[in-house]
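Please keep the structure open while reading.

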Amino acid sequence: MSTSPFTFSFDDRAVPAEGGQSVAAALIASGIRSWRVTRVEGRPRGVFCGIGVCFDCLVTINGSPNQRACVIEAHPGDVVRTQEGAGRADLAC
């Protein structure tokens, strides 16, 4: 596994990361503490448990919603976006 630095995109902002680092770890290292808002009240969420149990850290990665940032490894060129609510607004009527 390479630990060479690279970047990925978060809401159109370049975020530096190291090989093997989770998306959440890279976001936190860049000073980004919140990347999801709750469906009903729009409250900010980020990492809570850090082990993939609580689902507070959900993001959309490369167009796929509901990805747990704390357990997904960051990759060069990934496109990560803030998730609003359930992340399926495109399916709403």
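1. Exposed means over 50% relative accessible area, buried under 20%, and partly exposed in between. Glu41 has 53% relative accessibility, so Glu41 counts as exposed. Note that the model is predicted.

2. Glu41 forms a salt bridge with Arg43. The closest N and O atoms of this pair are 2.8 Å apart. Arg43 is partly exposed, at 46% relative accessibility. The structure has four salt bridges in total.

3. Which residues form a salt-bridge network? Salt bridges link Arg36, Arg45 and Asp56. The Arg36 and Asp56 side chains meet at 3.3 Å, N to O. Arg36 sits in strand β3 (residues 36-37), and Asp56 in the loop between β4 (44-45) and β5 (58-61). The two are 20 residues apart. Both are buried.

4. Asp56 also forms a salt bridge with Arg45, with the closest N and O atoms 3.8 Å apart. Arg45 is in strand β4 and Asp56 in the loop between β4 and β5, so this pair ties together parts eleven residues apart in sequence. Arg45 is partly exposed, with a relative accessible area of 27%.

5. Cys54 is partly exposed, at 29% relative accessible area.

6. Cys57 is in no disulfide either. Its nearest cysteine sulfur, that of Cys70, is 3.7 Å away. Cys57 counts as buried, at 2% relative accessibility.

Terms used
Residues numbered from 1 in each chain as written. Predicted model: local features only at pLDDT ≥ 70, side-chain atom pairs only at ≥ 80, totals over all residues. Heavy atoms only, no water. Buried < 20%, exposed > 50% of the residue type's maximum accessible area, 1.4 Å probe, protein only. Disulfide = S-S within 2.5 Å. Helix = DSSP H or I, 4+ residues; strand = E, 2+ residues; numbered from the N terminus.
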